[in-house]
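Q: I am new to this structure and would like to learn how to read it. Could you take me through a few features, step by step?

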Amino acid sequence: MAAASASKTQEAWQEEDVLAYWRMLYPAEEIVALFGSTPNREFSFTYGDAYLRFQRCVTGDDLRKLLAKKCDSKIGATTAHAGAIYPRAVDRQDRGEPIACELRYDIDLNSYDDLRAMLCGCKDDKACDDCFLFAQIGARLLVLCLKDRLGCKNFLPVYSGRRGMHLLVLDAGMRGVSKEAREAISKNVGAQEHPKMCQKRGVLWWAQTDADHLMVDQSGIRAELVKLFEKLFVAKYRVLEKHLDEVIRGFPDTVKREVQSKEHKTSEARWRALRTAVLRESLGSSNCKAGYVLQRSMDRLLASCFLPRLDAGPSALGHLLKLPFSVHAKTGRVAVPIEESRLMEFVPSKCPTVVHVSAYLNKITKTNPLQEPLAVLRRAAKQSETKTLLGKADF
Ligand SMILES: [Zn+2]
């Protein structure tokens with residue numbers, strides 16, 4: 001990693017750094033192979049305040065040239081987006097309605113403000129490695145759910161560069177899914193109505209529907225969710241000392257009274273009391289119904305904290321989503337793809353920035369900071385059977 005700090009922002013890097021990155025290290029060929037092997041695919045670009053839409057990129061050079069284009073003097077970093085595939089030419093007059101693109105999901109930390117207020121206190125654009133875990137575990141649950149319910153196999157999670165995570169589903173059979181089916185899938189996997197509750201800071205949104213706790217139950221990673229809850233809510237931020245009523249709101253009164261007992265003073269003691277009550281009823285009681293109700297309450301608590309809170313807009317067919325390896329204009333971080341099986345290991349504050357890339361290109365540092373994410377992209381491209389999918393025969 002370069003000696004330069006990963007926290008350096010836009011002021012710390014120059015336009016030349018970004019232009020050199022597009023020219024020398026940006027994986028344009030792989031990106032075009034993955035997203036643009038049909039001329040009817042829309043690429044768009046943000047240059048400062050200017051937008052350039054409906055561009056075609058059939059080769060890596062096409063993409064590289066558009067990335068390096070100067071529209072005005074405000075270029076901090078160009079952001080490249082991929083949109084849908086259109087039925088005919090991409091010319092404005094006969095573009096037609098979008099007909100295909102990957103399934104895409106956007107998890108933004110703004111939707112977790114109720115939880116962030118209880119934990120690290122981050123809000124608006126601010127995000128830390130702790131609250132980013134909500135995006136990571138949300139994406140992990142989403143992956144498991146899409147595997148289980150739709151049989152999807154090829155995923156590409158991508159860090160947005162600041163406070164979000166995009167999940168791209170690259171399976172061939174998923175690209176032609178209709179607008180209506182996309183909406184239904186989004187609803188099925190977590191695009192519920194909770195932001196209003198989240199805006200009421202300090203009030204934990206409680207999962208309401210059976211689908212919510214079933215997503216935890218069927219994920220097969222309940223133990224991992226419990227461990228994450230213990231790490232963040234119980235031990236580090238001691239949420240059960242400050243917000244106990246919010247945490248146990250969905251449990252039966254008998255359990256609430258038990259956990260609220262004066263003998264349990266610390267976050268750990270209260271959590272132990274809650275867990276003991278659930279286990280006792282679930283395993284030891286002859287009253288099966290009571291055990292089921294308690295286990296469901298626990299799953300709803302885990303769902304409230306860790307279910308993917310999806311922004312429905314980016315999942316729509318025509319939406320433009322930032323391409324992997326774009327540079328975030330505010331943070332200078334590169335939107336790196338993450339190995340799906342190592343989603344939880346990603347640490348955003350260690351994400352390579354354009355400053356790191358520049359240090360490598362100028363031979364100040366020896367290791368390519370994008371080596372690992374590039375390998376992830378290449379693996380995903382190899383698996384995606386892009387030619388079959390996006391070739392002219394298909395569209
Ligand atoms: Zn935070």
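Q: Which strands does helix α5 lie across?

A: Before we start, keep in mind that this is a predicted model. Helix α5, residues 129-150, lies across β4, β5 and β6. Its direction is at about 15° to that of β6.

Q: In what order do those three strands sit in their sheet?

A: To read a sheet, follow which strand pairs with which. Here the order is β4-β6-β5, in an open sheet with antiparallel pairing. β4 and β5 are the edge strands, each pairing on one side only. On average, neighbouring strands are turned by 15° against each other, direction ignored.

Q: Which way do the residues of β6 point?

A: The general idea is that side chains in a regular strand alternate between the two faces of the sheet. In β6, Gly 164, His 166 and Leu 168 point one way. Met 165, Leu 167 and Val 169 point the other way.

Q: Is β6 enclosed by the rest of the structure or open to the outside, and why?

A: Six of the six residues of β6 (residues 164-169) are buried, so the strand is largely enclosed by the rest of the structure. Buried here means that 20 or more other C-beta atoms lie within 10 Å of a residue's own.

Q: Now for a helix: which residues of α1 are buried?

A: Start with the general idea: an α-helix has 3.6 residues a turn, so residues three or four places apart point the same way. In α1, which spans residues 15-24, the buried residues are Asp 17, Val 18, Tyr 21 and Trp 22. Seen down the helix axis, these fall within an arc of 135°, so they line one face of α1. On the other side, Glu 16 and Met 24 are exposed.

Q: What do the buried residues of α1 pack against?

A: Their partners are two helices, α3 (60-67) and α15 (354-361).

Definitions and conventions
Residues are numbered from 1 along each chain as its sequence is written. This is a predicted model: local features need pLDDT of at least 70, side-chain atom pairs count only at pLDDT 80 or more; totals for chains, interfaces and linings use all residues. A residue is buried if 20 or more other C-beta atoms lie within 10 Å of its own, exposed if 12 or fewer, and partly exposed in between; C-beta atoms are placed from the backbone. Helices (H or I, at least four residues) and strands (E, at least two) are DSSP runs, numbered from the N terminus. The arc is that of the directions from the helix axis to the C-beta atoms. Two residues are in contact if their C-beta atoms, placed from the backbone, lie within 7 Å. Two strands pair if DSSP finds at least two bridges between them. Axes are lines fitted to C-alpha atoms, for helices over the stretch in contact, and angles run from 0 to 180 degrees between N-to-C directions.
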